[in-house]
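Subject: Structure for your review

Hello,

Here is the structure I promised to pass on. Please open it first, then read my notes below.

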Amino acid sequence: MAFEFALAVATRIVLAFSPLGSSLQDDNQLSSPLTSYSRLQEGIYLFRHGVDPYSGGTFRHSPLSLSLFSTIIPTSRIPPTLLWTFIDAVGAWALVNTWRSRSQIPKGERDMRIAAMYLINPYIFLPCLALSTSTLETTLQMLVLMFASRGQSSPALLMLAILSHLSLPSVLLLPPVLLLLLSDPLSHLASPKPFPQRLRSCIPLFVEFTTFFVALVFASTLVAGSWGWVRNTWGAGLLLPDLTPNPGLWWYFMTEMFDHFRPFFLMAFSVHLITYVAPLCIKFQHDPLYATFLLLGVIGTFKPYPTLSDPGIFLSLISLFPETYPYLRYPIITALLHLHAFLLLPLFHHLWIGTGTGNANFFYASTLVFGLANGGALLDCMWAGLRVAIGEEKDGWAVTQE
């Protein structure tokens, strides 16, 4: 496996140094206002010259990213490219280790397939080539799952606190991660049972997560010099001040919205994302890793500023659950929808922005196809996870959905 893994990483580095990497850097499907490398460079420049980067309306990265990358990112492109490739390789390594924890197999032939599902997933490696900081968020998600699957609570909660600080919607992963830490990562889809422990056992873990999160908040305030970063980072996901087109479902809706209706629909969209947490955790309490997987799919579909890497991590995680494959109802249709959206997104964006022969409706239509593909994959995996418990159909019996 080591040779194939090294070959995949080397291929990624070659592509990163090709003209393709530079051409993708400002692509709106790969970088959002919250993850753009160009905006990160602008913030670093202002920060190094004593100007508050949060005094304007363009820099929306976390102060932690600002302090970290201002010390390790020089002006040349080579070190950032190597760093992003390394971060992506760590994500693939964490995914393989999560599979080993779930399957209870130290090493196996499937390891390389798991890594390949991550490394050659275009939704994952294209944002890496564009130097989008969503690559860092994706790797943090993988590390959270790896540590939680191993039962290492402190590293898992620390990674989740950092991830939630960088991308606020990720805080919704806390309930299933707590359930995973209190149980095991093994597959229990075929034998659903009530959660074996009392929920009060989550309290010490919740306190530990809160401690990490609050410490990061105060550290960020020290770096930024004020609390102004909160509105420009977390507030951006709640107030949607930057309507730069992206693959998500929010931006066009808010562009057409009358101002006096805007607060209501912002609240409705935000609450809509929250409403999935409790049902998924209750329904899949017997398999918290699967509940976390489904919730990642929900976040990738409905978050305010998504990039291709958000649904990409959901698609890569499907490789962890081979027991659901026989029960997927429409995998070919879902795959074709993703292929259709993957081709339409850059094409309609170019027709609108590049040549001027299209308009915003063109691009938004492609994002709706993308949302349909993500929703179809999510519903199919949800059905398959429930269907495993029933087992094979017997003669004279049929499984139906009402």
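Is Asp310 buried or exposed? Asp310 is buried, because its relative accessible area is 11%. Buried here means under 20% relative accessible area, exposed means over 50%, and partly exposed lies in between, with a 1.4 Å probe and protein chains only.

Some ground rules. This is a predicted model, in which local features need pLDDT of at least 70 and side-chain atom pairs count only at pLDDT 80 or more, while totals for chains, interfaces and linings use all residues. Residues are numbered from 1 along each chain as its sequence is written, and side-chain values use heavy atoms, with hydrogens and water left out.

Overall fold

The chain has 19 helices and zero strands. Both are DSSP runs numbered from the N terminus: helices are H or I with at least four residues, strands are E with at least two. The C-alpha trace spans about 70 × 55 × 50 Å along its principal axes. The radius of gyration is 21 Å, which agrees with the value near 21 Å for a compact globule of 402 residues. That radius is taken over C-alpha atoms, and the globule rule is 2.2 Å times the number of residues to the power 0.38.

Of the 402 residues, 54% count as buried. The accessible surface comes to about 18100 Å², and 69% of it belongs to carbon and sulfur atoms. Areas come from the Shrake-Rupley method with a 1.4 Å probe; for residues, only the protein chains shown count as cover. Among contacts with a separation of 6 or more, 74% join residues 24 or more positions apart. Contact means heavy atoms within 4.5 Å.

Salt bridges

Side chains of opposite charge can pair when their charged atoms come close. The rule used here asks for a side-chain nitrogen of Lys or Arg within 4 Å of a carboxyl oxygen of Asp or Glu. The count comes to five salt bridges.

Asp310 pairs with Lys303, with 3.2 Å between the closest N and O atoms. Lys303 is buried, at 7% relative accessibility.

Salt bridges with shared partners join Arg102, Asp287 and Glu323 into one network. Asp287 meets Arg102 at 2.8 Å, N to O. Asp287 sits in the loop between α15 (277-283) and α16 (288-302), and Arg102 in helix α5 (residues 78-103), so this pair ties together parts that are 185 residues apart in sequence. Both Asp287 and Arg102 are buried.

Arg102 also meets Glu323, at 3.0 Å, N to O. This pair links distant parts of the chain: Glu323 lies in the loop between α17 (309-317) and α18, 221 residues from Arg102. Arg102 has a relative accessible area of 6%. Glu323 is partly exposed, at 23%.

Nonpolar cores

A nonpolar core is a set of buried Ala, Val, Leu, Ile, Met, Phe, Trp, Tyr and Cys residues joined through side-chain atoms within 4.5 Å. The largest has 110 residues, and Phe293 and Leu317 touch the most other members. Leu317 touches Leu95, Met142, Leu145, Phe293 and Leu296, leaving out residues up to four places away in sequence. Apart from this core lies another, of eight residues, including Leu34, Ala236, Trp250 and Met254.

Helix α5 again

Asp88 is also found in helix α5. Asp88 counts as buried, at 2% relative accessibility. Beyond its neighbours within four places in sequence, Asp88 contacts Arg12, Tyr118, Leu119, Ile124, Phe125, Cys128, Thr135 and Thr139.

Helix α18

Two residues here are worth a look. Leu343 lies in helix α18 (residues 331-354) and counts as exposed, at 53% relative accessibility. Ala341 is in helix α18 but counts as buried, at 0%. Setting aside neighbours within four places, Ala341 contacts Ser366, Val369 and Phe370.

Best wishes
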